[in-house]
Amino acid sequence: MTTPNLAAFLEYCLLEEGLANNTLAAYERDLVIFAEWLHEQQGNTLLDATTEHIQTWRSVEAQTHKATTTNRRLATLKKFYGWALRQQLIEHNPCQNLNSSKQAVRVPATLSEAQVDALLQAPDADTPLGLRDIAMLETLYATGLRVSELINLHLQHLSLNDGVIRVVSGKGGKDRLVPLGAQAQDSLQDYLQHARQLILGQQRSPFLFVTGRGQAMTRQAFWLLIKKYALQACIQAPLSPHVLRHAFATHLLNHGADLRVVQLLLGHADISTTQIYTHVARERLKQLHQQHHPRA
């Protein structure tokens, strides 16, 4: 049930803010769910909604949904009604004084530095595929990329001379430059010189990390590789490409990095998204204090 106003809002988000398709789809789902409830229960449209309507709907939603879901849907409503107010489609924003529900701190799964070292040493450096996998793991840990950003890197996005890669994020399509560490640069150099063309054979590909079919590595295939190397490295914790992204952020903060810098490197639009890692860093500080302070 996509109304003309909802369609216009989604078009604005796409053309003016450059939001990703997944984000637009989530906005549409949330707004359609609310619009259908509003029509069935109150006989109103989206533009007729009052603060009381939204509060009642949130109470109903809270009975069957987690706080993370209801908060996300409130954020969608706030964005929609903020747009509607600017377009003079409504005279008052019904979400203006509504606050998100409290939710438990969600601590991201991460790895210790020793576990990361063991994982990075697991691939066989004497084979072309092993060199590729080392380069992928080193790059992921050195940059904190999302796995979709990693597998979609092109050769032209890499500048070994400058020690940076250019990342085009699927979340909003915004470019960012991310520095590479010395070890990631070395592993990429080894892969490009001694492995990539052997993997491709006679084929060509614009992608940085390739398979024997001449195509980019898929998310699923890379996840399976990480799972295999985790077993080889005797890492018992659940492991996925995103856990290395978490490790990147957590280890930077543990070593004194500024939160704003980590936000830029991760490509987070809102620093509140990055702040989840400060909890992990605080827990690490508590552990160190307990281990080393004489009166802990």
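1. The model is predicted, with local features needing pLDDT of at least 70, side-chain atom pairs counting only at pLDDT 80 or more, and totals for chains, interfaces and linings using all residues. Residues are numbered from 1 along each chain as its sequence is written, and side-chain values use heavy atoms, with hydrogens and water left out.

2. The chain has 14 helices and three strands, where helices (H or I, at least four residues) and strands (E, at least two) are DSSP runs numbered from the N terminus. Of its 296 residues, 43% count as buried, a term that stands for under 20% relative accessible area, with exposed over 50% and partly exposed in between (1.4 Å probe, protein chains only).

3. There are six salt bridges, each defined as a side-chain nitrogen of Lys or Arg within 4 Å of a carboxyl oxygen of Asp or Glu. In one of them the side chains of Asp 30 and Arg 73 meet at 3.4 Å, N to O; because Asp 30 lies in helix α2 (residues 21-42) and Arg 73 in helix α4 (residues 67-86), the pair ties together parts that are 43 residues apart in sequence. Asp 30 is buried at 2% relative accessibility, and Arg 73 is buried at 9%.

4. Asp 30 and Arg 73 also belong, with Glu 61 and Arg 72, to a network of salt bridges.

5. Another salt bridge joins Asp 133 to Arg 132 at 2.9 Å, N to O, with Asp 133 buried at a relative accessible area of 3% and Arg 132 buried at 6%.
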